[in-house]
Amino acid sequence: MSFVIAVAGKGGIGKTTLTGLIIRNLRRRGKVPILAVDADSNVNLAETIGFEEGKTVGAVRESFSSELSSIPYGMDKDTFLELKLNEAMVEGKDVDILAMGRGEGPGCYCPVNNMLRRFLDVLANNYPFVVIDNEAGMEHLSRRILQAIDVLLIVSDTTPKGVRTAGRIRDLIRELQLSIKNSYFVINRIQGELETTIQTEMEKQGFDSFYGIPMDSLICEYDLALKPLTDLPEESIAVNAVNKMLSEIL
Ligand SMILES: Nc1ncnc2c1ncn2[C@@H]1O[C@H](COP(=O)(O)OP(=O)(O)OP(=O)(O)O)[C@@H](O)[C@H]1O
Ligand SMILES: [Mg+2]
């Protein structure tokens with residue numbers, strides 16, 4: 001059984017950054033191999049953790065139907081899809097990454113998705129840790145690419161509106177009736193004290209505690225220089241905050 005960590009939140013809130021820092025932490029603690037799933041159609045997790053971008057699952061799925069006629073003799077569809085999906089895996093030393101890419105287009109049919117779900121279930125089971133960077137719209141979560149999540153991190157910024165949006169996202173995820181063992185609220189890019197309005201909004205939304213990640217100029221620096229966040233030094237204040245959070249929740 002693998003331990004699945006999923007990161008969700010509205011656009012631009014820091015999901016990919018947090019996913020990158022989680023992968024950095026797991027890797028350094030020897031909690032490997034890790035399967036990193038980029039479930040954002042705007043694929044960029046690979047770059048964040050220093051990987052080349054590969055083919056996406058969406059691209060494989062799109063070409064699958066038209067390639068059905070070329071299935072080698074004696075091979076069934078499941079095996080053929082599995083073979084094709086391996087083209088979407090980018091393999092590293094401790095981390096393999098799979099980018100989901102765009103959701104299905106109008107021509108895509110359900111059996112492919114069912115096969116895909118089976119493939120992901122089997123694939124994920126080969127890794128003790130799976131980390132998923134979700135897109136703001138949570139399309140892949142809502143299609144239940146993985147049914148069971150051990151830790152769900154809902155990220156907000158330091159505004160009351162951000163907290164409200166995080167509450168809405170939590171409610172939406174609840175409606176999906178996925179199996180989520182634990183979910184935690186995270187406030188990212190904290191600078192100084194939080195406004196009291198945040199505390200008020202948190203109470204309204206039923207968030208009774210949060211993990212805070214500070215605004216870290218090193219992250220901006222690495223971002224601008226296109227350096228992978230997995231290379232951030234231990235002194236990074238965001239790295240420290242994520243490490244502390246994970247030591248408590250894992
Ligand atoms: N703690 C932080 N300190 C400094 N910069 C940060 C921090 N967290 C995120 N950022 C910066 O904020 C920007 C958005 O972050 P990120 O790409 O992780 O968000 P996202 O939620 O994945 O966005 P999207 O919804 O577009 O996928 C990036 O430029 C990133 O470097
Ligand atoms: Mg992102």
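Here are some notes on this predicted model, from its sheet down to a few single residues.

1. Ground rules. Residues count from 1 along each chain as its sequence is written, while chains are lettered from A and ligands numbered from 1 in the order in which they are written. Since we're looking at a prediction, local features need pLDDT of at least 70 and side-chain atom pairs need 80 or more, with totals for chains, interfaces and linings using all residues; side-chain values use heavy atoms, leaving out hydrogens and water.

2. The sheet. Start with the open sheet of 8 strands, in the order β3-β4-β2-β5-β1-β6-β7-β8 with mixed pairing. Its edge strands, β3 (89-91) and β8 (211-214), each pair on one side only. From one strand to the next, the twist averages 20°. Strands here are DSSP E runs of at least two residues, helices are H or I runs of at least four, and both are numbered from the N terminus. Two strands pair if DSSP finds at least two bridges between them.

3. A pair to look at. β2 (residues 34-39) runs parallel to β4, with 5 bridges between them. One to find on screen: A36 has I97 of β4 as its bridge partner.

4. D96. What does the side chain of D96 touch? This residue of strand β4 (95-99) makes a polar contact with the side chain of Y127 at 2.6 Å, and the D96 side chain also reaches the backbone nitrogen of G92 at 3.2 Å. (A polar contact is a pair of N or O atoms within 3.5 Å; within protein, one must be able to donate a hydrogen and the other to accept it, and residues adjacent in sequence count only if both atoms are side-chain atoms.)

5. D96 and charge. D96 is buried but has no salt bridge, and R27, the nearest side chain of opposite charge, is 9.5 Å away. Buried means under 20% relative accessible area, exposed over 50%, and partly exposed in between, using a 1.4 Å probe and protein chains only. A salt bridge puts a side-chain nitrogen of Lys or Arg within 4 Å of a carboxyl oxygen of Asp or Glu. For charge, Lys and Arg are positive, Asp and Glu negative, and His and the chain ends aren't counted.

6. Most residues other than glycine have a negative phi, and most peptide bonds are trans. Yet V32 and P33 are joined by a cis peptide bond, with omega about -5°. Q177 has a positive phi near 55°, and L226 has one of about 55°. Q177 counts as exposed because its relative accessibility is 65%.

Note on methods. Axes are lines fitted to C-alpha atoms, for helices over the stretch in contact, and angles run from 0 to 180 degrees between N-to-C directions.
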